[in-house]
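This report describes one protein chain, part by part. Please look at the sequence and the model before reading on.

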Amino acid sequence: MTPAPPLAGRLDGLLFFPVTAYAPDGALDLEVFRAHVRGGIEAGAAAVFACCGTGEFHALTPEEFGACVAAAVEEAAGRVPVVAGAGYGTALAERFAGIAHEAGADGLLAMPPYLVVAEQEGLLRHYTALAAATPLPVIVYQRDNAVFTPETVVRLARTPGIIGLKDGLGDLDLLQRIISAVRTEAADESFLYFNGLPTAELTGPAYLGLGVRLYSSAVFAFAPEIALAFHRALNAGDEATVARLLDGFYRPLVDLRNKGRGYAVSLVKAGVRLRGLDVGEVRPPLSEPAPAHVKELADLIERGLTLAAEAPENGA
């Protein structure tokens, strides 16, 4: 069998972050999770990021994590890469990296260390240790308590095994300085950048202006038709369709998401259920969205599907 090309060369298109499915008793429901992953791939996902933020990485035991990653790998069957989450302190991050590797994952998304606010040198030690402990390529996730100076990202980009930075901070001034520093000081044009904000489409045009084309789409998990219509329009320069989808769907969705804590995950799971797949509820400490907000989401999905159906197929 011909080996798959490196992960960096396979990440081109919409990135799918599946939710993790639970049965009514709260236990992991692998069959429903498989159906969710399979449906996303068949809808056109370019990669599966399993057990990351949307997949409630924080709520999974190592055993559940391994089972989910293995299931995602089996469903992908080499058609698209599977990237798994890894987090907490350095020792646990390395353990999750080992589990992901054994399960057949193609790469890791390294989430912020648990709770602590560290100096740049400490963050650098954490991520370089993780990269050294695994043969899997690592994407570092900038957000919350893991915010990097351009100089630190240059050092990360020079670290064997670290291939990119996912930005969940939204500071475009900082990100531009990071991109410039890596380009000039690390002389690395292959280092990847991702828009990792909770509803990335809302800031998609701004990130695209910095040359950042890759983004994670939470909407893809429950409405791939809408997410794909926006992605086509954005990449084709169809500003009219982009504006219609932003104004009619994405901005109202973000307004709704901001009405409750944890809605970046629980509202996505509610959306998946609304589209006919019972992936269960979120695990504590997250909580379910208010019924009125779920009704609002249902109306928004219908509006978004109508707008997506009206969009040119090629985005032109």
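Helices (H or I, at least four residues) and strands (E, at least two) are DSSP runs, numbered from the N terminus. H10 spans residues 263-274, and nine of its 12 residues are buried, so it is largely enclosed by the rest of the structure. Among the buried residues of H10 are Tyr 263, Leu 267, Lys 269 and Val 272. Just after H10, Gly 276 has a positive phi of about 110 degrees.

Helix H5 (residues 150-157) is likewise largely enclosed by the rest of the structure, because six of its eight residues are buried. These are Pro 150, Thr 152, Val 153, Val 154, Leu 156 and Ala 157. Their cover includes helix H4 (120-132), strand S5 (138-142), strand S6 (162-167) and helix H6 (172-185).

## Basis of the model

This is a predicted model, in which local features need pLDDT of at least 70, side-chain atom pairs count only at pLDDT 80 or more, and totals for chains, interfaces and linings use all residues. Residues are numbered from 1 along each chain as its sequence is written, and side-chain values use heavy atoms, with hydrogens and water left out.

## The chain as a whole

The protein chain has 11 helices and eight strands. Its C-alpha atoms fill a box of roughly 45 × 45 × 45 Å along the principal axes. The radius of gyration, taken over C-alpha atoms, is compared with a globule rule of 2.2 Å times the number of residues to the power 0.38. For 316 residues a compact globule would have a value near 20 Å, and the 19 Å of this chain agrees.

Of the 316 residues, 56% count as buried. A contact means heavy atoms within 4.5 Å. Among contacts between residues at least 6 apart in sequence, 73% join residues at least 24 apart.

## The nonpolar core

A nonpolar core is a set of buried Ala, Val, Leu, Ile, Met, Phe, Trp, Tyr and Cys residues joined through side-chain atoms within 4.5 Å. The largest one here has 114 residues, and Leu 11 and Phe 49 have the most contacts inside it. Not counting residues up to four places away in sequence, Leu 11 touches Ala 47, Phe 49, Pro 81, Ile 139, Leu 192, Phe 194 and Leu 214. In soluble globular proteins, nonpolar side chains tend to be buried together.

## Backbone details

Most residues other than glycine have a negative phi, and most peptide bonds are trans. Cys 51, which is not a glycine, has a positive phi of about 55 degrees. Cys 51 sits in the loop between strand S2 (47-50) and helix H2 (62-76). Is Cys 51 buried or exposed? Cys 51 is buried, with a relative accessible area of 0%.

Asp 144 also has a positive phi, near 50 degrees, and is found in the loop between S5 and H5. Asp 144 is exposed, with a relative accessible area of 58%. A cis peptide bond, with omega about 10 degrees, joins Pro 284 and Pro 285. Pro 285 lies in the loop between H10 and H11.

Methods
Buried < 20%, exposed > 50% of the residue type's maximum accessible area, 1.4 Å probe, protein only.
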